[in-house]
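Please look at the part of the chain described below, with the sequence and the model side by side.

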Amino acid sequence: MAILLLPPPTRTILFFSNSSSTQLILRSPKFTRRVRCRISDSSEVKSDEGASKLEYKPGPFDDFFMQSFRNKLVQEVGSDSEKPGYVGLIELVKLLLLKGRTRSETSDAAVRILKSLFPPLILELYKLLIAPVAQGKLAALMVARVTVLTCQWLMGPSKVNVIDLPNGESWDSGVFVEKCQYLEESKCVGVCINTCKLPTQTFFKDYMGVPLVMEPNFKDYSCQFKFGVAPPEDDGNVNEPCFETCSIARSRKLKSGECPMA
């Protein structure tokens, strides 16, 4: 996860962005500084059919992010997987789901893991000082870009995109995941909903002050993040049936289509 630090109060931050880069203009009475950085290691390539497809090139910090996340999972679950890499990580996630007796317990555990990945006070400062700026727009734009910068190792190729808000505005505070490898590897709707979607939405709202709704597509494994948009009261994704290939459902001998919600 990236660390977001607020600059001294004497500076004013102007934030401009597009789908491929982010430009920060730092102004004060004494100087003006521009900083430009790429928001993603993903690039678009053409498939044989001519359609554009995202391709992710692993970055130098991906191993660090994965190991940090895995260590936190081990602490929460109480044991480690013998399998290396991403496969072992997903095995730990499944153990996290099985450990929780209720959906709430599983979600709470996942939120604790997300919180533990941040240094002390960073979340409090972000929620207090960044989240209120411009009715939440600055915070939403920033976390969308940080998500793409730091989480593609977990989700797969993704990019910032424009989303529509309920009030009619459009912000480039969305993140589109073309094919979520977290869902594809776990093959479990319960894992997606209870260890990713619900706790991630809760984490950003409660601890960073940024509303978020995640819209996974269980047919093509894509997922749309909408930072700045609150989840609906009746979220149909939560009660989606599980895949026939779900190993957890098979091990519990659940009825066809029933999803293990922990």
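## The hairpin

Strands β8 and β9 form a hairpin with 6 residues between them, and in the turn Tyr 221 has a positive phi of about 70 degrees. β8 (residues 212-216) and β9 (residues 223-227) pair in the antiparallel sense over 5 bridges, where pairing requires that DSSP finds at least two bridges between two strands. Glu 215 has Gln 224 in β9 as its bridge partner. Helices (H or I, at least four residues) and strands (E, at least two) are DSSP runs, numbered from the N terminus.

This is a predicted model, in which local features need pLDDT of at least 70 and side-chain atom pairs count only at pLDDT 80 or more, while totals for chains, interfaces and linings use all residues. Residues are numbered from 1 along each chain as its sequence is written, and side-chain values use heavy atoms, with hydrogens and water left out.

## Burial and contacts

Strand β8 is mostly covered, as 4 of its 5 residues are buried; buried means under 20% relative accessible area, exposed over 50%, and partly exposed in between (1.4 Å probe, protein chains only).

Thr 200, found in helix α7 (residues 189-208), counts as buried because its relative accessibility is 12%. Leaving aside neighbours within four places in sequence, Thr 200 is in contact (heavy atoms within 4.5 Å) with Leu 114, Leu 212 and Met 214.

Pro 232 lies in the loop between β9 and α8 (247-251), and it counts as partly exposed because its relative accessibility is 45%. Between Pro 232 and Val 213 there are 8.0 Å in space, C-alpha to C-alpha, although the two are 19 residues apart in sequence.
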